[in-house]
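Hi,

Here is the structure I promised to pass on. Have a look at it, then read my notes below.

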Amino acid sequence: MPRVPSPAAARIGELISAERVRRGITQDELAVLSQIDSANIRGYEKGRSLMNIPTLIRIADALRVEPGFLLDGVTVEMLPAPKPDARRRSA
């Protein structure tokens, strides 16, 4: 998914970072465990990027938490608004 800073990305990043630190592993170790590039892990933790669902599941699995744990406190209002579809035409 493209880089989409949002309150949701920031919240998920906080949860990833806190759980990673709680487990005593580095960002590079999380990258290896999740098979996700460490630069992406850093971007997710800083809230610069909003990951897709498969990536969220891989990170949750590496942290040994349920995927829903990483969504705690995330609401629809925190997500970026979808761009209007230019293909749609009003009747």
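One term before we start: contact means heavy atoms within 4.5 Å. This is a predicted model, so local features need pLDDT of at least 70 and side-chain atom pairs count only at pLDDT 80 or more, while totals for chains, interfaces and linings use all residues. Residues are numbered from 1 along each chain as its sequence is written, and side-chain values use heavy atoms, with hydrogens and water left out.

Let's start with R20, which sits in helix α1 (helices are DSSP runs of H or I, at least four residues, numbered from the N terminus). Setting aside neighbours within four places in sequence, R20 is in contact with I25, T26, Q27, L30, E45 and L63. R20 counts as buried because its relative accessibility is 10% (buried is under 20% relative accessible area, exposed over 50%, partly exposed in between, with a 1.4 Å probe and protein chains only).

Next, helix α2, residues 27–34: which of its residues are buried? They are L30, A31 and S34. V32 and L33, on the other side of α2, are exposed. The cover over the buried residues includes α1 (7–22), α3 (38–45) and α4 (53–63). Just after α2, Q35 has a positive phi of about 60°.

Cheers

Terms used:
Helices (H or I, at least four residues) and strands (E, at least two) are DSSP runs, numbered from the N terminus.
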